[in-house]
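Please examine the sequence and the model shown below.

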Amino acid sequence: MGVAAGPIRVVVAKPGLDGHDRGAKVIARALRDAGMEVIYTGLHQTPEQVVDTAIQEDADAIGLSILSGAHNTLFAAVIDLLKERDAADILVFGGGIIPDEDIPPLKEKGVAEIFTPGATTTSIVEWVRQNVRQPAASGG
């Protein structure tokens, strides 16, 4: 794909049956306020819908918010679909109610980072800036 110009583009998604989206909206707003382009998918998205949106929107990253306990299944499905669709360059990160013991296996599957309750919006914004593609205008 190469290095795209312009702001970092992030799809923020709520996969599965979880109906609580306040945290996802807070993160979406923080990323937007930090100058990123944010596409919020809304509630009850399938992994296929999330990946389709990310590809259609030429996203640099997908931020998944999962509170339902289905994080192992849903994160893996998104990662697998990105690989199947030759879009594995889209970075996946997430947050929610995720037990500490589930984080290493999620990272082994390809999830770049997990933010648990208590993570600040500032720390998430900084992580995205440091780990998602750098804007084309890098000084020298």
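## Two crossing helices

The axes of helix H2 (residues 47–56) and helix H3 (residues 71–84) come within 9 Å of each other and cross at roughly 45 degrees. Axes are lines fitted to C-alpha atoms, for helices over the stretch in contact, with angles running from 0 to 180 degrees between N-to-C directions. Helices are DSSP runs of H or I with at least four residues, strands are runs of E with at least two, and both are numbered from the N terminus.

This is a predicted model, in which local features need pLDDT of at least 70 and side-chain atom pairs count only at pLDDT 80 or more, while totals for chains, interfaces and linings use all residues. Residues are numbered from 1 along each chain as its sequence is written, and side-chain values use heavy atoms, without hydrogens and water.

## Residues in contact

Pro47, Glu48 and Val51 in H2 meet Leu74, Ala77, Val78, Leu81 and Leu82 in H3, where contact means heavy atoms within 4.5 Å.

## The whole chain

The protein chain contains five helices and five strands. Along the sequence they follow the pattern β-α-β-α-β-α-β-α-β-α.

The C-alpha atoms of the protein chain fill a box of roughly 45 × 35 × 25 Å, taken along the principal axes. Of the 140 residues in the protein chain, 45% are buried, that is, under 20% relative accessible area with a 1.4 Å probe, protein chains only. Among contacts in the protein chain with a separation of 6 or more, 71% are between residues 24 or more positions apart.

Conventions:
Buried < 20%, exposed > 50% of the residue type's maximum accessible area, 1.4 Å probe, protein only.
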